[in-house]
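Take a moment to find your way around, and then follow the topics below.

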Amino acid sequence: MKKILSILALIILLLPFASAQCPENGNTVILKAPAVSRTSSGELIGVATDFVITVAPGNGHVYVETWPLAEVDMQASARLAAQIAGKVLDVDMNKYDVFIQVKSDAPIIGGPSAGGTMTVGIIAALEGWEVRKDVMMTGMINPDGSIGPVGGILEKASAAYSVGSKLFLIPEGQRIQIIQTTEQKQIGPITQITSKAERVDVVEYARERWGLEVKEIKDIYDAVYYFTGKKIEKPSVPANLNVDTSFLKTDALNDYDKTLSYYEQVENKLKTSNMGYTTYSYLKEALNEAKSRLDEAKKALEDGRYYTTLSLNFQARITIRHVDWYLNVETDADLENLLKNVDDEIKSTENAISNLTIRGISMLQAVAASEERIEQAKSLLKEAWSDYYDANYWDAVSNAAFAYERIQTAKFWASLGERYAKGNVIERESLKETARDYLDNSRLIITYITSMFGEVNLQELINLMNEGEGYYQDGKYSAAIFSAMEARIQAEIILDTLGIDNETILMDKLQRMKENAKVAIAQAQKEGIYPVLSFSYYEFAQSYENQGGLDNIQNAMMFYQYAKETSTVFLETASPPKIIEEPTTTIPTQTTTPQATTSPTQPEATKSYISLIPFAFLVGIVLGFIVGRKS
């Protein structure tokens, strides 16, 4: 009897998997995607990969079956593809299961370069559309729907030709490929090896050699058009939308005056101290840096950039307080008392904010930002205590000063939330599901990017993600949401800028993110919400954008994404996009000169080229984002 019960239990457990393998209804599309395989002699060749994609009613699962083996990133790429497909069509993917079968002659299949293809397939299956059999593409799918760079373009073009494709889609900016060629020359007993880089125009090469049309595409909207002949309407920005932070004007004015007065006070305190020349010079240099930030804050104030003013004041005040407190600390007991006072400040603030009654989404967004800053202050104080026990008093005071100023920003955002409180009471426990969704989606992106670059090189990003998980376990759901949001956005910016050192292309991406942020802000306002946090981040992004340069462009991208996410973090999705039926599915003609490529949505797009940037630069981007935490 026990044996029969065990068998029945096993059957019950296996039933979900059986149904997952055999969906009773749904739509299936079949596409081919190119892959790169290495021969026994070490030569790279292109091979065609078959993707059979089925979407059926379900519970949000993504099932991937590959033959032969797949790299770890295949699963992450498939999940990301499903996520983006749902976002493009405004479909709740928690109501569908996605089944992806992959068959390739390549020994190991990599996921990222097939991300765009999988996204097209999922969209087509969701809508019941047919896909062209003579179109093939390569390219990662980025979180904003753009198509990201991949390797092996020439080999993949060859694979497309080998299976009869007439049109091969590649990521924008990858038309020109740099091919390394090696020559060996025997000079007596010495073998001379020389290598040189050769620029190859893939469009010209493929047309001349195979009669294959190669076209660059920007995003998944372009890809869907070429595969199906259907245009999905992109979200548009309201013409009358005005984003400004004038609601912070009085706060910014008062904060600047107080910070400047504090600077003058500490500067005089340093001058009259009994510090030796070396220490005095070091502290004076720190104050000079703070004064530079204050000068920038004054300029921002005059320009009407009030959140930027507050942020620059915050940065200056951390340094000023560090110098001030360092001048006060003469003994171990002084430092210990200082840290205890900061701890008391954090606890009293946390207690006050945790007892606030949250009314409406505007207040919820501000209080959520406040609660995340409390958690950051706790972490900084923990580091300060660690420095204290290591007798590293300079860093202990630095982290204590940072923690203290961070807690002041927590108070500010909480007070701002109360200022804009309006609507029904929202219980913090109701955020649990949203927090879990954000953490899971963020983990997907982090897994995707670490599969390409390894966890060691992106450890700070992983730590930020893990902080969010810790907040969730402690019941700090709003802090978990914001931590997960930060981690995901930082990872998204890395993916969106990977391999691009051309400012023209980066600015094009930035403008797309800027418009998306505007759409999100307009959506929030339509719902009766005044998104104070989003307005603030949008203005801060503009400040970076106006400065120019690669680093500033990337920081601007990050804050535009913050503006977008904080607008809609607690909102339902918007109405579905309009889909335009094209009268014909013939492939549009292709201009083959490097200066005049076209796309279906932007017929006069300016052409630029990209090159792979050094890996150290990528790591620098990550670290720069994490150091530049928001005020």
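Helix α8 (residues 277-302) and helix α9 (residues 306-328) pack with their axes 8 Å apart, at an angle of about 165°. Axes here are lines fitted to C-alpha atoms, for helices over the stretch in contact, and angles run from 0 to 180 degrees between N-to-C directions. That angle makes α8 roughly antiparallel to α9; angles over 145 degrees count as roughly antiparallel, under 35 as roughly parallel, 65 to 115 as roughly perpendicular, and the rest as oblique.

This is a predicted model, in which local features need pLDDT of at least 70 and side-chain atom pairs count only at pLDDT 80 or more, while totals for chains, interfaces and linings use all residues. Residues are numbered from 1 along each chain as its sequence is written, and side-chain values use heavy atoms, with hydrogens and water left out.

**The α8 and α9 pair**

- α8 passes α9 in a left-handed crossing, a term for a near helix turned anticlockwise from the far one by less than a right angle, with clockwise counting as right-handed.
- On the α8 side, the contact (heavy atoms within 4.5 Å) is made by T279, L283, A286, L287, A290, R293, L294, E296, A297, A300 and L301.
- On the α9 side, the contact residues include Y306, L312, A316, I320, V323 and L327.
- The residues of this contact divide into 15 nonpolar, six polar and two charged. In this sorting, Ala, Val, Leu, Ile, Met, Phe, Trp, Tyr, Cys and Pro are nonpolar, Asp, Glu, Lys and Arg are charged, and the others, Gly among them, are polar.
- As background, an α-helix has 3.6 residues a turn, so residues three or four places apart point the same way.

**The chain as a whole**

- The chain has 19 helices and 13 strands. Helices (H or I, at least four residues) and strands (E, at least two) are DSSP runs, numbered from the N terminus.
- Of the 631 residues in the chain, 51% are buried; buried means under 20% relative accessible area, exposed over 50%, and partly exposed in between (1.4 Å probe, protein chains only).
- Among contacts between residues at least 6 apart in sequence, 79% join residues at least 24 apart.

**The α10 and α12 pair**

- The axes of α10 (residues 332-354) and helix α12 (residues 393-419) come within 10 Å and cross at roughly 20°.
- These two helices, α10 and α12, are therefore roughly parallel to each other, and their crossing is left-handed.
- D332, L335, L339, V342, E345, I346, T349 and I353 in α10 meet residues of α12, among them Y393, A400, Y404, I407 and K411.
- The residues of the contact of α10 with α12 comprise 14 nonpolar, two polar and three charged.
- Is T349 buried or exposed? T349 counts as buried, at 4% relative accessibility.
- Leaving aside neighbours within four places in sequence, T349 is in contact with I374, I407 and K411.

**A three-stranded sheet**

- An open sheet of three strands has the order β5-β8-β11, with parallel pairing; two strands pair if DSSP finds at least two bridges between them.
- β5 (135-137) and β11 (213-217) stand at the edges with a single partner strand each, so one side of each is left without a neighbour in the sheet.
- From one strand to the next, the twist averages 25°.
- Five bridges join β8 (residues 167-171) to β11, with F168 partnering V214 and I170 standing opposite E216.
- Three bridges join β5 to β8, and V135 stands opposite L167.
- Five of the five residues of β8 are buried, so β8 is largely enclosed by the rest of the structure.

**Helix α4**

- Helix α4 (residues 153-162) packs on the sheet and touches β5 and β8, with its direction at about 160° to that of β8.
- The buried residues of α4 are I153, L154, K156, A157, A159 and A160.
- After α4 comes G164, whose phi is positive, near 85°.

**Backbone angles in two loops**

- Most residues other than glycine have a negative phi.
- D90, in the loop between α2 (73-89) and β4 (96-109), has a positive phi near 60°.
- A391, in the loop between α11 (360-389) and α12, has a positive phi near 65°.
- A391 is exposed, with a relative accessible area of 53%.
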